[in-house]
Amino acid sequence: LVVMESELCAAHATVAGIKNVIALRGSDGIKPSFAKRISRAGCNKVVFLYDTETDEKKKKDIHSKITRAITGLREVAANIHIRVATIPEELNAKDPDELIQKDPALWQAAVQKSVPAVDWLLKKYEESVDLSSAPGKRKYSDIALKLLGYIKDEVERASYEEKVAKKLDVDVKILREKGERLNKKLEQGDIVEILTSKNQTPKTSWLGKIFTAHARQKLIHQL
């Protein structure tokens, strides 16, 4: 199943003879009900092919959608393989629709070259921080560990933890200890400290930390 963000792209793909394509509208992306339908249909691979990252806002929006897709799908069916396909820059196509108009074979080739969504996101996170600095490593580990927390399979998660530890040049045991702290769910009786600041503004990265649809909608409204 290939997911795109435009109904026009999906329609042109169907006209071009490409099967198993859908369009997801809105900023919420994959919802639990949709994830369950995919699981019941026996689909074991979902490829996201979104528009080209034209600016920083668009880039963050796409990253957030992929992150929410991972959380939504993995919570319903851990065996679904989630991948991301990108449009090569040299093709000068701003979205999948333009790619199909050029040649449907180019679209098919882009989908065939898709990579695991977790690998794609980790690479994007790496590009957004300075891993030569301590603050950069801290920020990268915060984001990466939150993402890895959604991986249910122990072997798969351990493999990614080793990759991230190697990238940060730290002992994997230290990384796992931090991951346990970051991904610990609050229980009744836990005491937390809430820090506030007049200079703080909502961030798209917070979407990966929210568990209820109501809270997610409130945050999206503020972004």
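Two strands count as paired when DSSP finds at least two bridges between them. Keep that in mind as you explore this predicted model.

**Exercise 1. Work out how the sheet is built, and find the bridge partner of Met4 in E2.**

*Solution.* Begin with the general idea: strands of a sheet pair through backbone hydrogen bonds, either parallel or antiparallel. Here, five strands make an open sheet, running in the order E2-E1-E3-E4-E5, with mixed pairing. At the edges lie strand E2 (21–23) and strand E5 (115–116), each of which pairs on one side only. Next, look at strand E1 (residues 2–4): three bridges join E1 to E2, in the parallel sense. Within E2, Met4 has Ala23 as its bridge partner.

**Exercise 2. Decide whether Ala85 is buried or exposed, and describe its surroundings.**

*Solution.* First locate the residue: Ala85 sits in strand E4 (residues 81–85). Its relative accessibility is 4%, and buried means under 20%, so Ala85 counts as buried. Now see what surrounds this residue. Beyond its neighbours within four places in sequence, Ala85 touches Val47, Phe48, Leu49, Tyr50, Ala110, Val111 and Ser114. Take Ser114 from that list: Ala85 and Ser114 are 29 residues apart along the chain, yet 4.1 Å separates their C-alpha atoms.

**Exercise 3. Find the buried side of helix H1 (residues 7–15) and say what covers it.**

*Solution.* Start with the buried residues of H1, which are Cys9, Ala10 and Ala13. They span an arc of only 95° around the axis, so they lie on the same side of H1. Finally, just after H1, Gly17 adopts a positive phi of about 90°.

**Exercise 4. Describe how helices H7 and H8 pack, and which residues meet.**

*Solution.* Two packed helices are described by the angle between their axes and the distance between the axes. For H7 (residues 134–148) and H8 (residues 154–168), the angle is about 175° and the axes are 11 Å apart. Angles over 145 degrees count as roughly antiparallel, so H7 and H8 are roughly antiparallel to each other. From H7, the residues Lys137, Tyr140, Ser141, Ala144 and Leu148 meet Arg157, Tyr160, Glu161, Val164, Lys167 and Leu168 of H8. Sorted by type, the residues of this contact are six nonpolar, one polar and four charged.

Key. Residues numbered from 1 in each chain as written. Predicted model: local features only at pLDDT ≥ 70, side-chain atom pairs only at ≥ 80, totals over all residues. Heavy atoms only, no water. Helix = DSSP H or I, 4+ residues; strand = E, 2+ residues; numbered from the N terminus. Axes fitted to C-alpha atoms, helices over the stretch in contact; angles between N-to-C directions. Parallel < 35°, antiparallel > 145°, perpendicular 65-115°, else oblique. Contact = heavy atoms within 4.5 Å. Nonpolar A, V, L, I, M, F, W, Y, C, P; charged D, E, K, R; others polar. Buried < 20%, exposed > 50% of the residue type's maximum accessible area, 1.4 Å probe, protein only. Arc of directions from axis to C-beta.
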